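Please open the structure in a viewer and follow the stops below in order. Each stop names a selection and then describes what is found there.

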Amino acid sequence: MATHPLLATTGEQTAIVEVDHVSKSFLSADGTTLPVLDDITLTLHEGEIVALLGKSGSGKSTLLRTIAGLIAPTTGEVRYRGTRLNGANPGVAMVFQSFALMPWLTVQDNVELGLQARGIGERQRRTAALNAIDAIGLDGFETAYPRELSGGMRQRVGFARALVLQPDALLMDEPFSALDVLTAENLRNELLSLWTHADFPTRCLCIVTHNIDEAVLLADRVLVLGSNPGHVKAEIPIHVPRPRDRRSPTFEAAVDQIYGILTGRDENPAAERVTTPGPLTHPLPAASVGGLAGLVEIVYAHNGQTDLPDLADELSFDVDDLLPLLDAATMLRLLEVESAQAFLTDAGRAWYTADIQTSKQLFAHHVVEHAPLVRTIVKALENSDDGTLRDDFFRDLLRRAYTTEDIEKQLTIAIDWGRYGELFDYDADIGELILTEVAAAVIPHLAAAADEPDGPHDQAGPADG
Ligand SMILES: Nc1ncnc2c1ncn2[C@@H]1O[C@H](COP(=O)(O)OP(=O)(O)OP(=O)(O)O)[C@@H](O)[C@H]1O
């Protein structure tokens, strides 16, 4: 049903947008460069729906904005129909997760905005906007203001505003993720139905998502992005016949395959070139101790092994909810993940089955050995005169690799993990970290382990990089 007429008739692939060896770095908070995209090459063809899928922070939005010409690549180039971009891409329009509507304008005026910017006359604008409003099911709401509309209706305005420009390629940045499940499904189906209409002017859809199910439902091709910095980890053609049934074996096999890729190790990313894990190269995944304990408990209850897509389904989780927990559990060696299956390790089993005090001690050992930022904090506190340091000390350290927002996230996670392991305490009023006696007991073990040839990598001094 959703095979585009262009592909059905010609079977040929004509490039609309080419991303050619694009890398992008931003300036971090202290002025050093923060690589976000690494050598990305991809092509968006006529007649296809492409999904860009990756974990949070893998650079999906940055890549989409680079394709739109809103962000200039640091190196490499983006071409639209063979011509190198030098500013906004004239052949694309964007739909945003947050709708990005002007609250003081009516639906009609919001939809006309882009046409106005292109200098289109009033009468032509009105007609085009009315057609787009009609096509996307907003008929009767022309004079309404965004505040009068539900989330689903607002996103319809977002689509109408993009489609009225008759873009060659429609770029969508998580367009359904702010909507409730039914509204999102409804809008997805309507988009697919527009897509298959012979007179639909848009030749390519490119959607950024962190939802594997959505990617497999919509896309002809899924590009899986890896992180640190963002790179293309795999390209998966989706051969599931349309209309797609989520319960069909081919659909489930595609979801499983992508789960395996997303949760599996990177074969050749820039991150893996760095052999020694440190707080600047190996960020802590955004997982609370409570969340980690919950995940380990569930895997334990499944006899120590569980299928990840099934688990996500069971918990009604999005991949973005589950992946940081999985990353944290594998970082701490509590779980191992292979081919979309999670296995409880001996360490995970021991942690889960121990009494509270022992489980805290085990956790303290795991985080000091395997969580680079926690290790750095403990070692820095140990080296300070009185076992205390201001949190700003660590902010300064992290500024070399993270944005201000990410610095706070990293500190919050490290403090949560360190406190639970009773390694250090934190006085939020004065922003001070205080070493505990537990840490003093863990540190000799740490030093001994670091001396062993295969012991944990020791690069966690406060001045490390
Ligand atoms: N303008 C900017 N300046 C500095 N850093 C930025 C900027 N834009 C993005 N980043 C950083 O680039 C990284 C990738 O961000 P991006 O939003 O592209 O990822 P994403 O995969 O879309 O994530 P999410 O799914 O959470 O939206 C993040 O670490 C982010 O903090």
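**First stop: helix α16**

Select residues 391-398, which form helix α16; its buried residues are D391, F394, L397 and L398. A residue is buried if 20 or more other C-beta atoms, placed from the backbone, lie within 10 Å of its own. These residues lie on the same side of α16, because they cover an arc of only 115° around the axis, the arc being that of the directions from the helix axis to the C-beta atoms. Helices (H or I, at least four residues) and strands (E, at least two) are DSSP runs, numbered from the N terminus.

The model is predicted: local features need pLDDT of at least 70, side-chain atom pairs count only at pLDDT 80 or more, and totals for chains, interfaces and linings use all residues. Residues are numbered from 1 along each chain as its sequence is written.

**Second stop: α10 and α13**

Select α10 (residues 289-301) and α13 (residues 346-353), which pack at an angle of about 105° with their axes 10 Å apart. That makes α10 roughly perpendicular to α13, a term for angles of 65 to 115 degrees.

Finally, select the ligand: of the 14 residues around the ligand, F26, S56, K60, S61 and T62 come nearest. Helix α2 gives the most to this shell, with 3 residues.

How values were computed. A residue is buried if 20 or more other C-beta atoms lie within 10 Å of its own, exposed if 12 or fewer, and partly exposed in between; C-beta atoms are placed from the backbone. Axes are lines fitted to C-alpha atoms, for helices over the stretch in contact, and angles run from 0 to 180 degrees between N-to-C directions. Angles under 35 degrees count as roughly parallel, over 145 as roughly antiparallel, 65 to 115 as roughly perpendicular and the rest as oblique. A residue is near a molecule or strand if its C-beta atom, placed from the backbone, lies within 6 Å of it.
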